[in-house]
Amino acid sequence: MSNFFIASGVVLCLFMLLALYRTIFGPTIIDRMMGANIIGTKTTVLLIIIGTIYERVDMFVDIALAYAMLNFIVTIGASRYFAHHKNIRAEGYGVLNHTPAKGQIND
Amino acid sequence: MIWQIDIMILTLIVICGLFAISVKDLLGAAVVFGAYSFLMCLLWTEMGAVDVAFTEAAVGAGVSTVLFFAAVHRSSRQVKARVSGAMLYKGLGLLASGLMGGVLFYASTDFPDWADPASPASSHLSPHFITQTIAETSVPNIVTSVLADYRGFDTMFETAVVLTAGLAVLIILRLGGCRTAGPIREKNAAIQAAYKDSIIRFVTRMVVPFMQLFALYVVAHGHHSPGGGFQGGVILGASFILLAISYDLKMALNRINEKAALLLANTGVLIYGGIGFLCLLLGANFLDYSILHRILPATDEIAARSHAMLGVEIGVALTVMVIVMIIYNNIVSNGSYEKGL
Amino acid sequence: MIDTTQFPALIVVIPLLSAFIVCMAGCFNRRLCQPLTVLALAGSCWASFATLGQVVKSGAIHYRLGGWAPPMGIEYVIDHLNGLVLVVITTVALLAAVFAKISVAEELPTRINLFYTLYLLLVTGLLGMTITGDAFNLYVLLEISALTTYALITIGQPRALHASFNYLMIGTIGASLYLLGVGHLYIMTGSLNIADLAVILPELYSSRAILVAFILIMVGIWAKMAFFPMHSWLPNAYTYAPNGTSCLIAPLMTKVSVYIMLRVMFSLFTPAYVYQYLSMANAIVWLAVIAIISGSLLALAQKDFKKMLTYLIIAEVGYMVGGAWLANEYGITGAILHILNDALMTLCLFLAAGAIIYKVGGQQLTDLKGIFHRMPVTMTAFMVGALSMIGVPPTAGFFSKWYLILGGIQAARWEFVTALLFSSLVNAVLFFRIIEIGYFETPEDKGVNEAPLSMLAPLLLVAVSLVVVGIYSGDIVSTIIQYAVPKGI
Amino acid sequence: MELLLAKYNYWIYALIMMIGLYGMLAKNNLIKKIIGMGIFQTGIIVFYVSTGAKRGGTIPIIEHGHGEEVHEVIKALDYVNPLPHVLMLTAIVVSVGTLGVALAIALRIYTEYNTLHEDEILERVND
Amino acid sequence: MINTLTIALMIAGLFFFLATTVGVLRFPDFYTRMHAAGKGDTLSSLLILVGLALYNLHLLSAGNILVTIKILFILMFIFLASPTATHAIIDAGYESGIKPWANENNREGQDDLAD
């Protein structure tokens with residue numbers, strides 16, 4: 001059974017590598033946030049899998065739970081950024097030289 | 001250790017680290033850095049360092065990423081290359097890091113193999129901690145017993161470092177003369193936000209009590225499972241950050257105002273230092289908890305150590321919780337305490 | 001209840017706990033902060049003098065924190081070397097705290113309670129670094145003192161902002177390299193206690209990892225003390241810091257780093273390894289020579305007299321590092337004695353500078369016109385500090401320089417001797433320029449306008465102590481320092 | 001493969017520290033420098049935690065220690081080395097403290113100079 | 001029996017993770033990618049965690065049941081948090097004016113948003 005868990009752990013790592021592509025290359029900042037969120041979810045699962053491999057899951061569930069919570073906070077925090085800065089491009093940063101992006105709805 | 005996962009994650013970490021400093025958008029860099037911390041957390045668990053992983057999950061992946069968002073929110077996202085002298089700085093950086101890398105690789109040839117049970121690090125001091133912790137402190141979590149007792153003095157100063165950081169942020173931003181909220185334009189934001197964020201707010205209302213309860217469990221159960229004062233304190237602080245993010249800063253500040261925060265933070269470290277000083281007054285050395293059995297009812301020397309560690313952890317949790325809030329509140333509002341993320 | 005065996009703990013614990021009490025008291029009444037700070041530092045100072053007395057009487061003291069035996073737990077070790085440094089730190093901190101009252105109330109009116117809290121935490125960090133016998137504990141305290149310093153510098157003039165950011169970067173690199181060096185020692189030996197490491201290490205001296213550990217620790221400490229190639233952060237950071245801050249950090253930060261370097265060289269590693277096994281001494285003395293010469297020359301080029309003093313600090317760091325690496329008894333004695341003397345004379349000069357800036361309102365050399373007529377007492381004290389810096393006989397500065405020169409001659413390092421003489425010459429030129437401006441140029445108004453008593457008292461005390469330490473330096477060397485110098489070099 | 005397994009962690013930590021140091025020294029943007037600082041510090045943590053790993057060791061919490069007596073003898077080889085974990089808990093907390101202070105200073109610089117870029121700040125400082 | 005069930009559930013979970021990843025990589029615009037990420041992630045973590053919780057029950061004891069309950073807590077949390085997070089991210093994208101992808105011929109304004 002242990003080998004199966006290790007194998008699935010490695011497979012999850014490979015999926016993370018693919019999700020990392022979105023995190024790193026975007027193209028937009030929100031794609032990056034999405035990629036990070038996906039990595040976060042996979043990490044939660046992987047933590048429990050590692051716990052199962054160590055056969056001490058009782059010690060790992062707390063970490064996984066804390067992890068899920070903090071991942072949630074990070075995602076909410078990142079998305080709330082756009083309640084204040086309505087532009088996904090870095091060039092039009094802040095509001096000092098704010099120009100409405102294409103298709104902006106709120107103006 | 002699980003070497004298959006170890007190799008995978010280390011490779012991912014290097015990729016993440018490389019791009020965290022090369023992405024041309026600060027918010028993006030912060031997100032990639034967050035992902036980097038996620039992976040770090042996995043690396044620690046895989047090597048069996050559960051307490052480190054817990055701290056990394058709470059501090060590295062959670063709070064510090066949010067702090068980056070807050071700082072970018074208050075400043076700008078733009079990254080510009082140097083106009084002149086870029087090559088000089090690049091050359092300098094490459095030279096210095098190449099030199100350091102060379103030295104470190106050179107040293108690594110002499111290291112004992114990774115995960116070798118016979119290496120000096122694993123055979124000199126640590127066997128004592130592993131075999132004696134139950135007998136000497138009755139705490140099964142060896143990390144907690146070493147952290148709060150054998151090396152409790154380090155931990156006291158570590159708490160003092162946290163407090164110092166909080167006070168430093170306070171003195172730099174809050175009292176730093178500039179009280180304007182920074183370059184943010186708010187357009188009838190309150191009405192819009194209340195309407196838009198009803199889902200997030202609803203979920204937050206459900207999650208926050210659960211989180212705080214969990215944090216208290218982490219503090220109290222640190223003797224038997226990973227966790228303890230720092231981790232619990234950070235999660236408590238993070239729950240207030242979640243409130244501040246999904247409602248607004250005022251909401252979190254109404255819970256714990258500025259003066260109370262300062263008092264609580266100092267109380268936390270004073271609990272720690274006070275327990276140590278109590279030992280000194282009772283005639284033992286500083287932080288020698290075993291003497292406390294004289295004043296704690298129905299304990300022997302070993303149980304006194306265990307109980308004192310719990311007290312110490314509570315002090316740590318108090319300080320860390322408040323300081324995490326202070327740092328976040330100041331950075332997100334540029335010291336004005338007006339508008340948050 | 002508390003007997004003398006607990007004094008080593010009290011030295012550090014009193015300022016630490018009172019820092020929190022000051023912060024809490026400051027929430028209710030700000031006027032309590034400064035008296036409480038002075039009280040706490042006085043207690044700590046008393047404990048450190050008592051501890052030094054014990055050390056002189058009965059040799060090194062070991063104190064187990066938490067009651068655990070050393071390699072498991074953390075222990076404090078006080079011997080002649082750090083007993084002396086502890087006394088220096090507590091005394092300087094006490095005097096600077098007395099001085100700080102007025103200048104902080106003027107410069108930082110809204111931040112008094114946090115200022116004193118951070119001040120006490122900084123002193124705690126420095127004391128803890130000095131007293132500890134555990135390599136990792138030292139790192140934690142290094143970071144406490146570093147974080148407080150960043151904060152205390154940042155709240156100065158606007159130009160301090162970027163300076164303190166740079167300091168933060170360099171400081172973090174330095175502390176991290178130190179930590180990494182300790183990690184290399186840990187992976188090779190499995191221990192963190194300095195005494196325990198010193199026992200295990202000799203078998204491993206041929207190891208590459210140990211060599212790298214030594215280099216990493218040294219480079220880390222040098223970055224912290226602004227030794228020559230890594231000095232660029234220091235002048236701006238110290239110049240634009242508030243006066244209350246710079247009076248504390250300018251005399252102490254670099255000196256404590258020098259102490260740590262000596263501790264690592266002599267207690268963690270052995271002089272035999274450092275001087276004979278490694279062939280670095282030559283290069284490092286040359287770096288020290290460059291540090292001395294460039295520090296002195298750059299000081300000559302400044303128009304801002306506080307900045308001028310900060311460049312002198314860089315030169316002084318060169319004295320001490322060079323002296324320590326001369327690898328003979330005179331050089332090391334000179335370096336240790338110079339820790340004491342330089343702390344006192346830098347304190348003297350910065351206190352005087354603080355008083356002048358408080359009264360005059362500017363820190364350019366041109367602001368000093370006629371200053372001797374307006375602030376005669378302050379300038380007298382300033383001149384005592386200046387003479388000591390130049391190295392004029394009855395003052396303390398002469399004696400440590402004398403030992404350093406003797407060491408240089410004995411080791412036949414003529415470049416070091418030349419640099420010392422050159423730097424004395426430059427110091428003479430610098431301070432006589434101040435005399436020229438301050439004495440001979442006519443002031444705009446001639447009324448005497450002396451600094452308030454709470455500033456003058458510590459200043460005069462330091463000036464007097466400079467002379468007293470100078471006169472008794474032979475006794476200090478024979479009762480304390482000669483035991484601190486490692487045997488058999 | 002043997003060599004790779006034995007040294008991979010130590011190579012990677014050196015690489016991470018190089019990346020971090022490069023970021024701290026060469027980057028123009030202050031927040032990028034701070035990110036570099038974070039990476040630099042995690043490199044050290046990788047190093048320390050790697051020293052604590054032990055083949056065949058489980059996590060450093062005594063098994064069945066929860067509420068009941070420990071019957072079997074505790075063997076040091078069964079548990080990974082807890083000491084580096086303790087040290088690194090401290091280091092992580094220190095690094096987040098440094099991060100907070102660094103961000104605070106960067107924000108003050110931004111309010112003062114309205115830029116986060118080192119060259120522009122230096123330009124304005126030297127004016 | 002439990003082992004077989006665990007393996008089946010985990011392989012199903014990994015399959016959905018694969019589907020998520022492929023979707024995230026291959027879909028044309030942000031909203032469709034988020035669609036794949038939000039749904040697929042939640043479902044597959046559900047499957048894998050249920051599998052692990054079941055596996056944990058192969059030795060029945062009070063401690064193991066507690067652990068299973070804790071894993072179910074995590075599940076509950078993910079069920080609550082993951083859709084909310086997805087909502088928040090999509091909202092952020094919508095607020096900042098990303099235009100939904102229509103078809104191949106009408107893709108103006110997509111590429112120049114890259115930073």
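F15(E), F16(E), L18(E), V22(E) and L43(E) together make a nonpolar surface patch whose accessible area comes to about 420 Å². The model behind these exercises is predicted.

**Exercise 1.** Determine which helix of chain E gives the nonpolar patch its largest share, and find the helix in which L43(E) lies.

*Solution.* Begin with helix α1 of chain E, residues 2-26, from which four residues of the patch come, the largest share. Then turn to L43(E), which is placed in helix α2 of chain E, spanning residues 30-56.

**Exercise 2.** Describe the interface of chain C and chain D by its buried area, its polar pairing and the elements on the side of chain C.

*Solution.* First, the contact draws 28 residues from chain C and 38 residues from chain D, and the two chains bury about 2800 Å² between them, with 80% of that area on carbon and sulfur atoms. On the side of chain C, the residues that lose the most area to chain D are H162(C), F165(C) and Y186(C), which together account for 22% of what that side buries.

Next, the pairing across this interface amounts to zero salt bridges and three residue pairs in polar contact, both residues being at pLDDT 80 or more. Helices α5 (135-154) and α6 (160-189) of chain C each supply at least two residues to the side that touches chain D, and α6(C) gives the most, with 18 residues. Finally, by class, that side of chain C holds 18 nonpolar, eight polar and two charged residues.

**Exercise 3.** Carry out the analysis for chain D and chain B, giving the buried area, the salt bridges and the make-up of the side of chain D.

*Solution.* Start with the contact, to which chain D gives 87 residues and chain B gives 103 residues; about 8600 Å² is buried between these chains, 76% of it on carbon and sulfur atoms. In chain D, the most area is lost to chain B by R55(D), L89(D) and L107(D), together 8% of what that side buries.

For the pairing, three salt bridges are found across the interface, among them the one that joins the side chains of D113(B) and K7(D) at 3.6 Å, N to O.

Technical notes. Residues are numbered from 1 along each chain as its sequence is written. Chains are lettered from A and ligands numbered from 1 in the order in which they are written. This is a predicted model: local features need pLDDT of at least 70, side-chain atom pairs count only at pLDDT 80 or more; totals for chains, interfaces and linings use all residues. Side-chain values use heavy atoms; hydrogens and water are left out. Contact means heavy atoms within 4.5 Å. Buried area is the accessible area (1.4 Å probe) that two parts lose on being put together, summed over both. A salt bridge is a side-chain nitrogen of Lys or Arg within 4 Å of a carboxyl oxygen of Asp or Glu. A polar contact is a pair of N or O atoms within 3.5 Å; within protein, one must be able to donate a hydrogen and the other to accept it, and residues adjacent in sequence count only if both atoms are side-chain atoms. Ala, Val, Leu, Ile, Met, Phe, Trp, Tyr, Cys and Pro count as nonpolar, Asp, Glu, Lys and Arg as charged, and the others, Gly among them, as polar. Patches are made of residues with over 30% relative accessible area and no salt bridge: like charges are joined within 9 Å, nonpolar side chains (Val, Leu, Ile, Met, Phe, Trp, Tyr) within 5 Å. Accessible areas come from the Shrake-Rupley method with a 1.4 Å probe; for residues, only the protein chains shown count as cover.
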